[in-house]
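Please walk me through this model in a viewer, one selection at a time. I would like to know what to click on next and what I will find there.

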Amino acid sequence: VTVAEGGKRRAGDLSDIAKVVKLFGIVRSHDDFVEQHLVMNGASDVLGKVLGKDVGGMHARSAIGTNSLPLGICVEVELIVRLKDL
């Protein structure tokens, strides 16, 4: 949700986003957890529901794990989006 709000502020409105190009996620996890990609699948699913499959679906995605993140957050997500021509 925070990612969507950040995009809204930057683009002016979520409807100004033409396509999600790439999603990158950092997942706070234990050393033996190896399914960070599944956590980011959930983020991709949310984008598809919020923006629609044509805009939010089918994008490049990568995920890594770390033992800590700033402010104790669980997941940090970075998006690259293409905006519609205005």
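Start by selecting Lys19 and Gly57: the Lys19 side chain comes to 2.6 Å from the backbone oxygen of Gly57. Bear in mind as you look that this is a predicted model.

Keep Lys19 selected and ask: is Lys19 buried or exposed? Lys19 has a relative accessible area of 18%, so it counts as buried, the cut-off being under 20%. To see what surrounds Lys19, show the residues it touches beyond four places away in sequence: Lys53, Asp54, Val55, Gly57, Met58, Ile80, Val81 and Arg82.

Strand β1 covers residues 17-28, and nine bridges join it to β3, with the two running antiparallel. For one of these pairings, pick Phe24, whose bridge partner in β3 is Glu78.

Now bring in the whole sheet. Three strands make up an open, mixed sheet, ordered β2-β1-β3. At its edges you will find β2 (60-66) and β3 (75-83), each pairing on one side only. Turn the view along the sheet to follow its twist, which averages 15° from one strand to the next.

For the last stop, select residues 36-51, helix α2. Which strands does helix α2 lie across? The helix lies across β1, β2 and β3, and runs at about 150° to β1.

Note on methods: Residues numbered from 1 in each chain as written. Predicted model: local features only at pLDDT ≥ 70, side-chain atom pairs only at ≥ 80, totals over all residues. Heavy atoms only, no water. Pairing = 2+ DSSP bridges. Helix = DSSP H or I, 4+ residues; strand = E, 2+ residues; numbered from the N terminus. Axes fitted to C-alpha atoms, helices over the stretch in contact; angles between N-to-C directions. Contact = heavy atoms within 4.5 Å. Buried < 20%, exposed > 50% of the residue type's maximum accessible area, 1.4 Å probe, protein only. Polar contact = N/O pair within 3.5 Å; in protein donor to acceptor, adjacent residues only side chain to side chain.
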